[in-house]
Amino acid sequence: MPRKFWLMTVALGLALVGIAPLALAKTIEVPKDYSTIQAAISAAQAGDLIVIAPGTYKENLTIRKSIELRGAGPGVIVDGSRSRSAPTILIQRTHDVVIQNLEITGGRRGIQVERSRDVIIKNNLIQQNRRQGILITEN
């Protein structure tokens, strides 16, 4: 087998390995695909994007995988008042999480990040939680 062909094969293989995780990532829509955000999080695989339609979602969320939660526009409210002793969003023992374009309210804390890294929280309105808006511990 000519050396040039072998090098091209290796280069193509490496390129496919780099692209494969991107090809496997999918977009999950709430409430179209799942009626709750937590159900979408539970079904998601690492790298997936969860897009949330405008509305009020009375949930406390737990994230333990690399995903992105994104509000589809203004008026996406995550209301954690069902369990006022828990944070509205708990990000725990994971990495590469993005939370954006949400209004986060009603919990003990808006967002609590525990033992996680590379967490991006942007363009959110975090208000009317019992304690902190964002608490980061043991990172």
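Where is Tyr34 found? Let's look for the answer in a few close-up views of this predicted model.

**View 1. Tyr34 sits in the loop between strand E1 and helix H2.** Tyr34 is partly exposed, with a relative accessible area of 31%. Now find Ile52, which is 18 residues away from Tyr34 along the chain. The C-alpha atoms of these two residues are 10.0 Å apart. Pro31 belongs to the loop between E1 and H2 as well. Check the peptide bond that leads from Val30 to Pro31: it is cis, with omega near 10 degrees.

**View 2. The whole chain gives us a setting for the details.** Of its 139 residues, 35% are buried. The accessible surface comes to about 8100 Å², and carbon and sulfur atoms account for 56% of that surface.

**View 3. Four strands line up in an open sheet.** The order of the 4 strands is E3-E6-E9-E12, and their pairing is parallel. Strand E3 (55-58) and strand E12 (125-126) stand at the edges with a single partner strand each, so one side of each has no neighbour in the sheet. Zoom in on strand E9 (residues 103-105), which is joined to E12 by 2 bridges. Here Ile104 has Ile126 in E12 as its bridge partner. What holds such strands side by side? In general, the strands of a sheet pair through backbone hydrogen bonds.

**View 4. The largest nonpolar core gathers 23 residues.** Ile50, Leu69 and Ile99 are the residues with the most contacts inside this core. Several elements supply at least two core residues each, including strand E2 (49-52), strand E6 (76-79) and strand E8 (95-100). Helix H2 gives the most, with 3 residues. Now centre the view on Ile99 and pick out its partners: leaving aside neighbours within four places in sequence, they include Leu69, Ile89, Ile104 and Ile120. Lys122 and Asn124 are also in contact with Ile99.

**View 5. Ser66 is a buried residue in a loop.** The loop in question runs between strand E4 (61-63) and strand E5 (68-71). Ser66 counts as buried because its relative accessible area is 13%, and the cut-off for buried is under 20%. Which backbone oxygen does the side chain of Ser66 reach? The oxygen belongs to His95, at 2.6 Å. Beyond the neighbours within four places in sequence, Ser66 is in contact with Gln45, Ala46, Gly47 and Asp48, and also with Thr94, His95, Asp96 and Val97.

**View 6. Arg93 and Asp118 each have a positive phi without being glycine.** Start with Arg93, in the loop between strands E7 and E8. Its phi is about 50 degrees, and at 57% relative accessibility Arg93 counts as exposed. Asp118, by contrast, lies in a strand, E11 (residues 117-122). The phi of Asp118 is near 55 degrees. Is Asp118 buried, exposed or partly exposed? With a relative accessible area of 45%, Asp118 is partly exposed.

Conventions
Residues are numbered from 1 along each chain as its sequence is written. This is a predicted model: local features need pLDDT of at least 70, side-chain atom pairs count only at pLDDT 80 or more; totals for chains, interfaces and linings use all residues. Side-chain values use heavy atoms; hydrogens and water are left out. Buried means under 20% relative accessible area, exposed over 50%, partly exposed in between (1.4 Å probe, protein chains only). Accessible areas come from the Shrake-Rupley method with a 1.4 Å probe; for residues, only the protein chains shown count as cover. Two strands pair if DSSP finds at least two bridges between them. A polar contact is a pair of N or O atoms within 3.5 Å; within protein, one must be able to donate a hydrogen and the other to accept it, and residues adjacent in sequence count only if both atoms are side-chain atoms. Contact means heavy atoms within 4.5 Å. A nonpolar core is a set of buried Ala, Val, Leu, Ile, Met, Phe, Trp, Tyr and Cys residues joined through side-chain atoms within 4.5 Å.
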